[in-house]
Amino acid sequence: MGEQGACLRRVKGKVMDEARTIALLVELHRGLARLGPGDDEVTRRALATCTPRPRRPMILDIGAGTGAQSLCLALACEGRVVAVDRFEGFVAELASRARMAGVAGRIAPCVADMAHLPFAAASFDIAWSEGAAYLLGFDAALDRWRPLLRPGGWLVVTELAWFGSARPPEAVAFWARNYPALRDDAANLSAARERGWRVAGHFHLPAEAWLNYHAPLRERLPAFRTRHAGDAEAAAVAEATETEIELMARHAASVGYSCYVLQRA
Ligand SMILES: C[S@@+](CC[C@H](N)C(=O)[O-])C[C@H]1O[C@@H](n2cnc3c(N)ncnc32)[C@H](O)[C@@H]1O
């Protein structure tokens, strides 16, 4: 898809200049410690499920953003992390955060497209992608990233999913417009199995994972609106961001992110 993170879904329903929308979204997100829902506890829990693994695994973080997971992974194990994102500004931030955290020697920041990753087959023990696989499509990401893993290697992906059987009409309408590929856990897990993955574990991200992303993002909206007063596209980006934040809070029991820990069979 080649688009900016989770946030672009929010404005897809409106006809806008895509490059300008992406630029506005990048501006709104720059400097944030995470660019999607997540939590260090979630990352560590998923890593613990990737067992057995080498003592110093080679890890590929795809759609790494400003480095929330790359840093957590580098601090949680003795491995090396190649952190890939399409946006140079985010990758530069990630590099600076890695220096500040004292792990720059074990994180290699890389500007690349997740659809055409410039690595040899079987280069990694673990591939990681929180909040970004949907940009390729969950199934396509599972197929495309698989050859990069060594046999027995791990893929950890977080993906938006329906929880349980309730389908609040407001949420159904919103996601039909913004992410029509949205499925439930059972469908995502069977798609993974059909593609030859062993499911080692899966769990729902807790409410804090959304707060970690949405609370600082919401705080930025007033200044963003002031900076772009009179700009209809910026107003639409701010409004769509606010709508998603409120909708996710209202329907957290019905829809949210799942974490899937898969092993290359
Ligand atoms: C929702 S954000 C998640 C970032 C990070 N994993 C986190 O949780 O903070 C999705 C990321 O995917 C990146 N991205 C978008 N399209 C991409 C592409 N084609 N290739 C690589 N990265 C891409 C965005 O720049 C953004 O940093």
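A crossing of two helices is right-handed if the near helix is turned clockwise from the far one by less than a right angle. Helix 2 passes helix 3 in this right-handed way. The model is predicted.

**Helix 2 with helix 3**
- Helix 2 spans residues 40-49 and helix 3 spans residues 68-76.
- Their axes come within 10 Å and cross at roughly 55°.
- Helix 2 and helix 3 are therefore oblique to each other.
- Helix 2 contributes Asp 40, Thr 43, Arg 44 and Leu 47 to the contact.
- Helix 3 contributes Ala 68, Gln 69, Cys 72, Leu 73 and Ala 76.
- Five residues of this contact are nonpolar, two are polar and two are charged.

**Burial of helix 3**
- Helix 3 is mostly covered, with seven of its nine residues buried.
- The buried residues are Ala 68, Gln 69, Ser 70, Leu 71, Cys 72, Leu 73 and Ala 74.
- The cover over these buried residues includes helix 2 and helix 4 (88-100).
- It also includes strand 1 (58-62), strand 2 (80-85), strand 3 (107-111) and strand 4 (124-130).

**Helix 1 with helix 8**
- The axes of helix 1 (residues 18-29) and helix 8 (residues 207-227) come within 9 Å.
- They cross at roughly 120°, so helix 1 and helix 8 are oblique to each other.
- From helix 1, the contact takes in Leu 24, Glu 27, Leu 28 and His 29.
- From helix 8, it takes in Tyr 213, Leu 217, Arg 220, Leu 221, Phe 224 and Arg 227.
- Six residues here are nonpolar, one is polar and three are charged.

**Salt bridges**
- The structure holds 14 salt bridges.
- Arg 34 and Asp 40 pair through their side chains, at 3.3 Å from N to O.
- Arg 34 has 12% relative accessibility, so it counts as buried.
- Asp 40 has 32% relative accessibility, so it counts as partly exposed.
- Glu 41 forms a salt bridge with Arg 44, with the closest N and O atoms 3.3 Å apart.
- Glu 41 and Arg 44 both lie in helix 2, three residues apart, about one turn of the helix.
- Glu 41 is partly exposed at 48%, and Arg 44 is partly exposed at 40%.
- Arg 250 forms a salt bridge with Glu 170, with the closest N and O atoms 2.7 Å apart.
- That pair links distant parts of the chain, 80 residues apart: Arg 250 in helix 9 (residues 232-250) and Glu 170 in helix 6 (residues 169-178).
- Glu 170 counts as partly exposed, at 38% relative accessibility.

Notes:
Residues are numbered from 1 along each chain as its sequence is written. This is a predicted model: local features need pLDDT of at least 70, side-chain atom pairs count only at pLDDT 80 or more; totals for chains, interfaces and linings use all residues. Side-chain values use heavy atoms; hydrogens and water are left out. Axes are lines fitted to C-alpha atoms, for helices over the stretch in contact, and angles run from 0 to 180 degrees between N-to-C directions. Helices (H or I, at least four residues) and strands (E, at least two) are DSSP runs, numbered from the N terminus. Angles under 35 degrees count as roughly parallel, over 145 as roughly antiparallel, 65 to 115 as roughly perpendicular and the rest as oblique. Contact means heavy atoms within 4.5 Å. Ala, Val, Leu, Ile, Met, Phe, Trp, Tyr, Cys and Pro count as nonpolar, Asp, Glu, Lys and Arg as charged, and the others, Gly among them, as polar. Buried means under 20% relative accessible area, exposed over 50%, partly exposed in between (1.4 Å probe, protein chains only). A salt bridge is a side-chain nitrogen of Lys or Arg within 4 Å of a carboxyl oxygen of Asp or Glu.
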